[in-house]
Every structure is written in C-alpha cells, then in structure tokens.
Amino acid sequence: MKYPKYVFMLVLITIIEKCRAQTCVVDSLPVKDSFDLKRYGGKWYAVGKKDPEGMFLQDNISAEYIVDEDGTMTASSKGRVKLFGFWLICADMAAQYSVPDPTVPAKMYMTYQGLASYLSSGGDNYWVIDTDYDNYAITYACRTLNEDGTCNDGYSIIFSRNPRGLSPAILRIVRQKQEEICMAGQFQPVLQSGKCKFF
C-alpha cells in the first residue's frame, strides 16, 4: 500500500517544481531580448488589455511611437475614456520614455501626461515583454508591489499593427506570454471601431 503514497509524493514534487519554475516576482519576469527601439516605432493598435486600478482608456486605443536619431522615444496615444461612469469621450495622452539600464533596453520608464484636465499624469514602468515588430507587441507595467515582490497593481496591453487583430498563430504566442507574466485569463478585448482616429 506504499505505492499510492509514492505516486502522491511524486505528483506533489512535480507541482512544486513547476510553481518554482514560473515565478510571479516582477523582477524575474522575462522581457524581449535584444530589443530594437527603432523597429518598435510606428503605429500600434491595442487589441487586448488588463487594466490597473482607477481610470484607464476603455477602447479604440492606439499609439504612435516616434524614435529620434539619438534613440529618444516619445508617443502620442488616443483612446476613449469613461467619465462619471457613463460618458465616453476621446482622450489624448503624450509620453516620453527613458531606458534606466542600457543593457536591458526593453525595460523602459514612461512619463505620461493627459492632454486634458480630467486625465492623470505620472510615470510607470513600460516593459516590452515580447514583440516581432511587424505584427504584435505585449507591454507590461507594475505600479505597486506586494511584499513578496509580486505585482499588486499592474496592467498590460497587447498591441497589433493591424486594428483588426492578430492571427491564430500569433494569439498562441501571446497566450503563452500572458502566462509568463502571470496574467493569463485577466485580459479583455479592446474594441477598435474607428473612433478616436489620429488625424
């Protein structure tokens, strides 16, 4: 009758090892290797998002990233935001990016400003978890940490170069990356109905 105990112990050890292999400590989350800022520049459309606490863009989110010759990146973003719980209006945001550690260029810091009084200003980490530059990008930010180093309040956006979304093959890659950043099942689709277009 010792056999079932050994099987149980083996299963338990396997589960523990799997949990150790995937840690949700923010500092250990993987980001894009050899990130190329210039290839990342251009127009992106949000097709999925996990919101942080508080006000956040609702839908029709797009961003235009501009990379200067000196490697400085800025962005202008648009999207609809809900005010007073019912009023949806288009909003403009502007952001500047810096790279605190040049050896990890995918880990940037974003300083942002709403271009209207009802929008917030501040700063967040802006990590590019993965991108192929031509089709998709996954960004991540953690605003506050728990004592154990996991994220208490974070958000993530899945971008596409095409407002119509991503192919099934790329969606499989994106789902794997969502698991790696401990946000699987937390994303909602982002409507792209043509509102809030850049002019």
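This is a predicted model: local features need pLDDT of at least 70, side-chain atom pairs count only at pLDDT 80 or more; totals for chains, interfaces and linings use all residues.
Me: How many disulfides does the structure hold?
Reply: A search of the whole structure finds three. Numbered in sequence order, the bonded cysteines pair as 1-5, 2-6, 3-4.

Me: Why is the link of Cys24 and Cys182 called a disulfide?
Reply: The sulfur atoms of Cys24 and Cys182 are 2.0 Å apart. The cut-off is within 2.5 Å, so the pair counts as a disulfide. With -95 degrees about the S-S bond, this link is left-handed.

Me: What does the link of Cys24 and Cys182 tie together?
Reply: Cys24 lies in the loop between H1 and H2. Cys182 lies in the loop between H3 and E9. The pair therefore ties together parts that are 158 residues apart in sequence.

Me: Are Cys90 and Cys196 buried or partly exposed?
Reply: Cys90 has 41% relative accessibility, so Cys90 counts as partly exposed. Cys196 has 9%. Buried means under 20%, so Cys196 is buried.

Me: What makes the link of Cys142 and Cys151 a disulfide?
Reply: The S to S distance is 2.2 Å. The cut-off is within 2.5 Å, so this pair counts. With 110 degrees about the S-S bond, the link of Cys142 and Cys151 is right-handed. Cys142 is buried at 9% relative accessibility, while Cys151 is partly exposed at 25%.

Me: How many salt bridges are there?
Reply: The structure holds six. Three of these pairs are taken up below.

Me: Why is the pair of Lys32 and Asp130 called a salt bridge?
Reply: The side chains meet at 3.9 Å, N to O. The cut-off is within 4 Å, so the pair qualifies. Lys32 lies in the loop between helix H1 (2–21) and helix H2 (37–40), and Asp130 in strand E6 (residues 121–131). The pair therefore ties together parts that are 98 residues apart in sequence.

Me: Are Lys32 and Asp130 buried or partly exposed?
Reply: Lys32 has 22% relative accessibility, so Lys32 counts as partly exposed. Asp130 has 9%. Under 20% means buried, so Asp130 is buried.

Me: How do you know that Asp59 and Arg80 form a salt bridge?
Reply: Their closest N and O atoms are 2.8 Å apart. That is within 4 Å, so the pair counts. Asp59 is in strand E2 (residues 59–67) and Arg80 in strand E3 (residues 73–83), 21 residues apart. Asp59 is buried at 9% relative accessibility. Arg80 is buried with a relative accessible area of 15%.

Me: What makes Arg143 and Asp124 a salt bridge?
Reply: The closest N and O atoms are 3.2 Å apart, within the 4 Å cut-off, so the pair counts. Arg143 lies in strand E7 (residues 136–145) and Asp124 in strand E6. The pair therefore ties together parts that are 19 residues apart in sequence. Arg143 is partly exposed, at 31%, whereas Asp124 is buried, at 6%.

Me: What lines the second largest pocket?
Reply: The lining includes Val47, Gly48, Ile158, Leu166, Arg175 and Phe187. Strand E1 (42–50), helix H3 (168–180) and strand E9 (188–189) each give two or more residues. H3 gives the most, with four. The pocket has a volume of about 160 Å³.

Me: How do the lining residues of the second largest pocket divide?
Reply: Seven are nonpolar, three polar and one charged.

Notes: Residues are numbered from 1 along each chain as its sequence is written. Side-chain values use heavy atoms; hydrogens and water are left out. Buried means under 20% relative accessible area, exposed over 50%, partly exposed in between (1.4 Å probe, protein chains only). On a 1 Å grid over the protein atoms alone, a cavity is a set of points where a 1.4 Å probe fits but cannot get out, and a pocket is an open set with protein on both sides within 12 Å along at least five of seven lines; lining residues have an atom within 4 Å of a point. Grid points are joined across faces, edges and corners, and a volume is the space filled by probe spheres set on the points. Ala, Val, Leu, Ile, Met, Phe, Trp, Tyr, Cys and Pro count as nonpolar, Asp, Glu, Lys and Arg as charged, and the others, Gly among them, as polar.
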